[in-house]
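I opened this model to look up its charged pairs, its pockets and its greasy surface. Here are my notes, in the order I took them.

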Amino acid sequence: MSTNQNPERSTGFLLRDNSRFMKVAFNERVSGLTQAQWGALAHLSRHQGLNQVGLADLLEVQPITVARLIDKLVALGLVERRPDPNDRRAQQLFLTGNAQPLLDQMWEAGDEILDEAYAGFSEEERTTFIDMLVRMRGNLARLAQGDTRSRITGLRKAG
């Protein structure tokens with residue numbers, strides 16, 4: 001049996017399983033928000049002033065889904081909407097001061113989980129592994145962009 005047919009040795013299955021286990025461990029350590037809400041806070045902490053469409057792209061969901069998500073975060077006092085000075089139809093999203101303690105809890109839990117995940121790894125192995133994942137992400141991003149261009153080109157030819 002090749003490694004591609006064995007889920008125990010398949011890169012895709014392993015990445016998915018590790019991601020799932022990390023989410024479970026994270027949800028056991030932090031509470032009060034949904035996984036989607038945590039994700040929105042994490043992205044907004046890195047992209048203050050983003051609009052809902054931009055956040056939807058980062059979260060890989062539809063803008064209407066983000067609108068409801070942000071409504072809940074606004075109601076919790078964690079996010080505020082401000083008018084976009086460059087587009088009067090759009091609103092920018094900003095974290096409030098109330099979000100910082102939750103972000104601190106989130107990052108701390110993430111660090112603890114990663115420390116446990118890397119148990120038995122040397123610092124060099126950990127660095128090499130991360131470097132390989134970064135390189136893989138770049139390769140896959142290029143592939144995804146190529147696939148998108150191929151689909152667009154195919155649509156133009158068909159239309």
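**Salt bridges**

I started with the charged side chains and found Arg 16, Asp 17 and Arg 20 linked in a network of salt bridges. For my notes, a salt bridge is a side-chain nitrogen of Lys or Arg within 4 Å of a carboxyl oxygen of Asp or Glu. By this rule I get eight salt bridges.

Before going on, I noted the ground rules. This is a predicted model, where local features need pLDDT of at least 70 and side-chain atom pairs count only at pLDDT 80 or more, while totals for chains, interfaces and linings use all residues. Residues are numbered from 1 along each chain as its sequence is written, and side-chain values use heavy atoms, with hydrogens and water left out.

Helices here are DSSP runs of H or I with at least four residues, strands are E runs of at least two, and both are numbered from the N terminus. Arg 20 is partly exposed at 36% relative accessibility, and Asp 17 is partly exposed at 21%. My cut-offs are under 20% relative accessible area for buried, over 50% for exposed and partly exposed in between, with a 1.4 Å probe and protein chains only.

Next I checked Arg 81 and Asp 71, which form a salt bridge with their closest N and O atoms 2.7 Å apart. Arg 81 is in strand β2 (residues 79-84) and Asp 71 in helix α4 (residues 63-75), so this pair ties together parts 10 residues apart in sequence. Arg 81 has a relative accessible area of 27%, and Asp 71 is at 42%.

I also looked at Arg 126 and Asp 115, which meet in a salt bridge of 3.5 Å, N to O. Arg 126 belongs to helix α6 (residues 123-158) and Asp 115 to helix α5 (residues 99-117), so the pair ties together parts 11 residues apart in sequence.

Which residues are closest to the centre of the largest pocket? First, the volume: the largest pocket holds about 1,900 Å³ of space. Of its 33 lining residues, Asn 18, Ser 19, Met 22, Lys 23 and Leu 114 are the closest to the centre. On a 1 Å grid over the protein atoms alone, a pocket is an open set of points where a 1.4 Å probe fits, with protein on both sides within 12 Å along at least five of seven lines; lining residues have an atom within 4 Å of a point. I count 21 nonpolar, six polar and six charged residues in this lining.

The second largest pocket holds about 180 Å³. Its lining includes Leu 15, Asn 18 and Phe 129. By class I find six nonpolar, two polar and no charged residues there.

**Nonpolar patch**

Last, I looked up a nonpolar surface patch of about 820 Å², with Leu 15, Phe 129 and Leu 133 among its residues. Patch residues have over 30% relative accessible area and no salt bridge, and nonpolar side chains are joined within 5 Å. Helix α6 gives the largest share, eight residues. I noted that Phe 129 lies in α6 and is partly exposed at 34%.

Methods:
Points joined across faces, edges and corners; volume = space filled by probe spheres on them. Nonpolar A, V, L, I, M, F, W, Y, C, P; charged D, E, K, R; others polar. Patch = residues over 30% accessible without salt bridge, like charges linked within 9 Å, V, L, I, M, F, W, Y side chains within 5 Å. Areas by Shrake-Rupley, 256 points an atom, 1.4 Å probe, with all protein chains shown as cover.
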